[in-house]
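Please keep the sequence and the 3D view at hand while reading.

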Amino acid sequence: LEDNVKFQSTGEVTFIDNFFTFIDENSHRSGTEGMNMNYLEVGASTFIRKTDDESSVNVGRWVPPHPSGKNPVFSPVYDRHRMSFDVF
């Protein structure tokens, strides 16, 4: 879709351009190395404000980071729930 927008003969495609902008501003990359996926939340969670001040937040990630600081190379639990870990 993004490649089709680049063709000059397609005329005006501002709706599609606006959609790509929305995705860039509101999605987040997968936390799994090599997945090359973006997640776009379209529910009420899009209204949650972001802050760098951890003392002022009342919501957080559903799954805390792994104690080692990075996801394990192999883990049946992480493999089974990887998408949930990315989204939440």
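The model discussed here is predicted. When rings of Phe, Tyr and Trp are paired if their centres lie within 6.5 Å, the count comes to one aromatic pair. That pair is formed by Phe19 and Phe20, whose ring centres are 6.4 Å apart and whose planes are at 45° to each other, an arrangement that counts as tilted.

**The two aromatic residues**
- Phe19 has a relative accessibility of 37% and is therefore classed as partly exposed.
- Phe20, its partner in the tilted pair, has a relative accessible area of 16% and is therefore buried.

**Overall fold and surface**
- The protein contains three helices and two strands, and, read from the N terminus, its elements follow the order α-α-β-β-α.
- Of the 88 residues in the protein, 15% are buried.
- Among the contacts in the protein with a separation of 6 or more, 32% are between residues 24 or more positions apart.
- The accessible surface of the protein is about 7800 Å², and carbon and sulfur atoms account for 55% of that area.

**Ser27, in strand E1**
- Ser27 belongs to strand E1, which covers residues 27-29, and with a relative accessibility of 17% this serine counts as buried, because the cut-off for that class is under 20%.
- The side chain of Ser27 comes to 2.6 Å from the backbone oxygen of Ile23, and the Ser27 side chain also makes a polar contact with the side chain of Asn38, at 3.3 Å.
- Once neighbours within four places in sequence are set aside, the residues in contact with Ser27 are Phe22, Asn38, Tyr39 and Leu40.

**Met37, in the loop between the strands**
- Met37 is located in the loop that runs between E1 and strand E2, the latter covering 38-40.
- The relative accessible area of Met37 is 29%, so this methionine is partly exposed.
- Not counting residues up to four places away in sequence, Met37 touches His28, Arg29, Ser30 and Met83.
- Met37 and Ser27 are ten residues apart along the chain, and their C-alpha atoms are separated by 9.9 Å.

Definitions and conventions:
Residues are numbered from 1 along each chain as its sequence is written. This is a predicted model: local features need pLDDT of at least 70, side-chain atom pairs count only at pLDDT 80 or more; totals for chains, interfaces and linings use all residues. Side-chain values use heavy atoms; hydrogens and water are left out. Rings of Phe, Tyr and Trp (its six-membered ring) pair if their centres lie within 6.5 Å; planes under 30 degrees apart count as stacked, over 60 as edge-to-face and the rest as tilted. Buried means under 20% relative accessible area, exposed over 50%, partly exposed in between (1.4 Å probe, protein chains only). Helices (H or I, at least four residues) and strands (E, at least two) are DSSP runs, numbered from the N terminus. Contact means heavy atoms within 4.5 Å. Accessible areas come from the Shrake-Rupley method with a 1.4 Å probe; for residues, only the protein chains shown count as cover. A polar contact is a pair of N or O atoms within 3.5 Å; within protein, one must be able to donate a hydrogen and the other to accept it, and residues adjacent in sequence count only if both atoms are side-chain atoms.
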